Amino acid sequence: MSALSDALGRLVAGYYNSNPINAITNPGGLGNDGHEVNFPAALVDYALVVQYLAAINGNDLVALSAALASKAGNNVFTGANDFTSSAMTVATQAMEDSSTKAVSTSLLHKLMPRGHIDGLTLSTAGGSTSITVAPGQCVDSLGNVMISQAAALTKTTNGWAPGPGNGGLDQGALANSTWYHFYKIRRPDTGVDDVIFSQAPDVAGAATMTIATPCIVTKIMHGLEPGAPVVFTTTGALPTGLTAGVVYYVKTVPTVDTYQLAATQGGAAINTSGTQSGTHTATSTPLLPANYTQRRLIMSWRTDGAGKWVKGVQRGDDFVYDASPADLSNITLPTSNRSPYTVSVPPGVAVMGKFRVSSLNTVASAANFAVTSLDESDQAVGTGFADGVLRNGSGAGGQAVNVQVRTTPSAQIGVRGDVGSTSIWVNTYGFIHPRGRNN
């Protein structure tokens, strides 16, 4: 055993470090250029280990473990490995670490690319209460575990229940003409995975609120629709009428930056009184089933006016409508300032919107127009800054272009022109979704 221990010591500490070669203490050290030298010496040590392993028996395992433990920087291999249930749990300890299995699992998780997602695309026939999630895998929102789905999984618009063919809605009743955000979920105690969808876009941020009848919450570009769940936390105190940690629901959305609250979906607006203090945070996350604590946003999809899924095609991150919604129709372009308009893309998440834009200038003059992201500054439109230009010296003229613009979490874009006689039409034909990579 002494010879084996010495060989293991040399292999661990002698051949793969930056120590200079030494005929006695480090015969397999590194040369000055960083390459391994004295390779035959290493082979001799490897041969000794292989010879020992070939003759190993149950009693010798204890001795081998002790030999490994006696060497600095090594730990005893304990526990059982588990590569089942769509996740990896490793009970062996990390090199030079005396802690337990959680550290080893954490070490492996660091090797998983943050934000990784492959497959897990959605499909539906349109006008249907069923939607199917393709096989695939993703890293959860915290980067702690890989969640895998081996087979296609179909969910209905009923309340969530585990397994294929069952409902996927996290709470309440499905609303008409409303966006829902789809999540891959997993319970770590059993490794079982599933899919759930919610009006919550998995966002959080600082918010202010009025003491009024009704209470008005302000959060810039909140991206919430009526019925979306909201929970508040605070460093101080909320006004009377609201309690930290309680789930409330968006009642109405007066502007893209404000909303009212209700105690239940569709309930009466909440009034507030008294005083408040500190910094408030508003969080909108899906209501997960018991024990399902891991999640990842994988896509967003919209219902039609009858509470069924709209028809569209998803390829990876890219979504295309079967029939493009007409979001702007014969809008006279402003010239002194950009105007924001809401388009048919998911709220609560910034996507790359894809638009077909047509325009018409009703007088015989050159005209320019631009469709811009509200993330960029409002700039004067003209030659050198435009998505389209209408030039006709003898009468009215028109033009059509294809534009891709990043939308805001409030699902808006900006439009502006340089001639007041110009009108614009915008059809949204699709979008590119980040699918939880930036959450």
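Which residues form one aromatic cluster?

Reply: Trp 179, Trp 301, Phe 319, Tyr 321 and Phe 431 form one aromatic cluster. Some ground rules come before the details. This is a predicted model, where local features need pLDDT of at least 70 and side-chain atom pairs count only at pLDDT 80 or more, while totals for chains, interfaces and linings use all residues. Residues are numbered from 1 along each chain as its sequence is written, and side-chain values use heavy atoms, with hydrogens and water left out.

How confident is the predictor? pLDDT is its confidence in each residue, from 0 to 100. The protein chain averages 83, and 74% of the residues score at least 70. Residues 71-104 stay under 50. Where pLDDT is low, the predicted coordinates should not be read in detail.

Now the rings. Rings of Phe, Tyr and Trp (for Trp, the six-membered ring) pair if their centres lie within 6.5 Å; planes under 30 degrees apart are stacked, over 60 edge-to-face, and the rest tilted. The whole structure has 11 aromatic pairs. Strands here are DSSP runs (E, at least two residues), numbered from the N terminus. Both Trp 179 and Phe 431 are buried. Buried means under 20% relative accessible area, exposed over 50%, and partly exposed in between, with a 1.4 Å probe and protein chains only.

Phe 319 and Tyr 321 make another pair. Their ring centres are 5.0 Å apart and their planes stand at 85°, so this pair is edge-to-face too. Phe 319 has 2% relative accessibility, so it counts as buried. Tyr 321 has 7%, so it also counts as buried.

Next, Trp 301. Trp 301 is among the residues with the most contacts inside the largest nonpolar core, along with Phe 182, Val 357 and Ile 424. That core has 42 residues. A nonpolar core is a set of buried Ala, Val, Leu, Ile, Met, Phe, Trp, Tyr and Cys residues joined through side-chain atoms within 4.5 Å. A second, separate core has 16 residues, including Met 209 and Leu 261.

Then look at the strands. Strand β17 (residues 294-302) has 8 of its 9 residues buried. It runs antiparallel to strand β8 (residues 179-186), and 8 bridges join the two. Two strands pair if DSSP finds at least two bridges between them. Arg 186 stands opposite Gln 294 in β17.

Gln 314 lies in strand β18 (residues 312-315). Its relative accessibility is 4%, so Gln 314 counts as buried. Contact means heavy atoms within 4.5 Å.

The side chain of Gln 314 also makes polar contacts: pairs of N or O atoms within 3.5 Å, where one must be able to donate a hydrogen and the other to accept it, and residues adjacent in sequence count only if both atoms are side-chain atoms. One reaches the backbone nitrogen of Leu 122 at 2.7 Å. Another involves the backbone oxygen of Gly 316, at 2.8 Å.

Note on methods
Helix = DSSP H or I, 4+ residues; strand = E, 2+ residues; numbered from the N terminus. pLDDT = per-residue confidence, 0-100.
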